Amino acid sequence: MERKWWHDKVFYQIYPKSFYDSNGDGIGDLQGIIQKLDYLKDLGVDVLWLSPIYQSPLADQGYDISDYYAIDPRFGTMEDMDELIAEAKKRGMYLLMDLVVNHCSDEHPWFEAAKKDPDGPYGDFFYLADKKDGRPSNWRSCFGGSVWDPLPGTDKLYLHIFHRKQPDLNWENPRVRREIYKNINWWLEKGLGGFRIDAIINIKKPLPFCDYEPDRSDGLCSVSEMLKHAEGIGEFLGEMKRETFAKYDAFTVGEVFNIKEDEMRDFIGPDGYFSSMFDFNETIFGESPNGWYDMKKITGEDYKNCCFEAQERAEGIGFLSNIIENHDEPRGVSRYLPEGEHSPRAKKMLGGLNFLLKGLPFIYQGQEIGMENTVFSSIDVVDDISTLDQYQVALDAGLSPEEALKAVSAYSRDNARTPVQWDASPQAGFTSGTPWLSVNSNYREINVAAQEQDETSVLSFYKKLIALRKHPDYRDTFVYGRLIPCHREQKHLMAYYRKDAQNTLLVIGNYQNRPQEVTLENAPGTILLNNCERLAADGKTLFLEPYQFLVMTI
């Protein structure tokens, strides 16, 4: 494998609105990120991914962009952005931005021009249809309702896979693609290390539009059905890579759902469209076409199998990017650990098992201190548009308001968007004002300041975990070595080898709140990391404590 600059890096996602507020307006900002760069450097982070900070009405929290060349004033100025790039570079860190090009905002000048003259050149920047002919397809928007809405002031409809304020861009139009590539190169010239690429699988639609079998009583079908029929996305993605990323040796990671079985090499192989793609095998587990209220709760066994299945698909092809949470998902410790079993030890086990998988480790802000899902007192305090839609879906299915709230609370995106808990002062030290989204009430018990002073904290464990992955004796094993599952048949145990010509390392976690014995194939060697004070062993047999996590040589 050709070695790349990003192979051995540790990645960290920042959701700027909730990271750190430098000016007391209740919204995190670029200067706030600059002030915390030394904290991130001390943690061991190499690459920062910023969720969108472009000019936006924030209908979908910045994933509706009205100007791709401007920073939204809520977050700061372009001068702040230039300073952040420069300050990160001083610390040997790279910066990624979100690339959101499946759609833009309905307040973007292109869409404004399309409304004024739908038959003019900008009308072809979007997917428009004559209103008199009815909806061209029965696809359901990701946020509920039809993907087709009236184009204001005209006799046309326009397509939006996501929110109605996020009209889809027409990638079939070469002029649209040229404008997108021009913008990508503009940012790379500024000094970005690359991009996380949002919702990119949606850019290719099966044409002409048509209906598919409805999957709910509303007569609509999921967009995922449309994606099964879309062919030829590689032409767009290959062109984008040639015209932009390849010229700068940029790192790219794709948000890619619904990939076809034989396409992984095309996406992340040696000549793939992207450097990497996220492993969502765990996050999509248990999904139901009926909605969140009908999702199946994932168990430790399910989590183990999801991870190993993804690893097996990617082996010999390329690098996955591994996560336990992000801005679109609930907190990983609340999702992947049994209810009520969120001890620091269990959080360390989950973090360690995920972090040392083969691929690129991504940490989401607050994950390193074990932040948990929040508690919603009512649906009125929810900000996330996706949660609000799913709450209505649950009510329509016959759930009571209390049942519907409980069902959607477990998966709400707001769980990951509550402000980072920096200390035990009011508003968790995130802001001196009123935060845009309420701070999790457990901030006095879970915060950075307390954990920085505690050698046994989740934060201290993540620092040790990162240091181990970067250790010169083991770095190549963790980065390039094979992942070989072991003891897979043993319940409530997740274990795998990381192996290359130099080392065989065992990563093992007791995924339950009870002790467990495991008999190894070989006697254990040196313990490199342990989330407990000791290890009980007798020859090849380990006596694991509840949620004990170990890394050792074999």
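Trainee: Which residue stands opposite Asp98?
Mentor: That's Arg196 in β10. Strands here are DSSP E runs of at least two residues, while helices are H or I runs of at least four, and both are numbered from the N terminus. Bear in mind that this is a predicted model, where local features need pLDDT of at least 70, side-chain atom pairs count only at pLDDT 80 or more, and totals for chains, interfaces and linings use all residues. Residues are numbered from 1 along each chain as its sequence is written, and side-chain values use heavy atoms, with hydrogens and water left out.

Trainee: What makes β5 and β10 a pair?
Mentor: DSSP has to find at least two bridges between two strands. Four bridges join β5 to β10, so they qualify. The two run parallel. On β5 you also find Met97, with Leu50 standing opposite, and strand β2 (residues 47–50) is joined to β5 by four bridges, again parallel.

Trainee: Which sheet do these strands belong to?
Mentor: A closed barrel of eight strands, in the order β1-β2-β5-β10-β12-β13-β14-β15, with parallel pairing. Its neighbouring strands are turned by 25° against each other on average, direction ignored; the axes behind such angles are lines fitted to C-alpha atoms (for helices, over the stretch in contact), and angles run from 0 to 180 degrees between N-to-C directions.

Trainee: Why is β5 called largely enclosed?
Mentor: Because five of its six residues are buried. Buried means under 20% relative accessible area, exposed means over 50%, and partly exposed is in between (1.4 Å probe, protein chains only).

Trainee: What covers the buried residues of α5?
Mentor: The cover includes β5 (94–99), β10 (194–197), α3 (78–90) and α7 (233–248). Among the buried residues themselves are Ile180, Ile184 and Trp187.

Trainee: What makes Asn173 a cap for α5?
Mentor: One of its side-chain oxygens lies 2.9 Å from the backbone nitrogen of Arg175, at the N-terminal end. After α5 comes Gly191, with a positive phi near 115°.

Trainee: Cys307 and Cys486: buried or exposed?
Mentor: Cys307 has a relative accessible area of 1%, so it is buried. Cys486, at 6%, counts as buried too.

Trainee: Why is Arg335 called buried?
Mentor: Because its relative accessible area is 8%. Arg335 is in helix α10 (residues 332–336). Leaving aside neighbours within four places in sequence, its contacts (heavy atoms within 4.5 Å) include Met295, Glu329 and Tyr411.

Notes: Polar contact = N/O pair within 3.5 Å; in protein donor to acceptor, adjacent residues only side chain to side chain.
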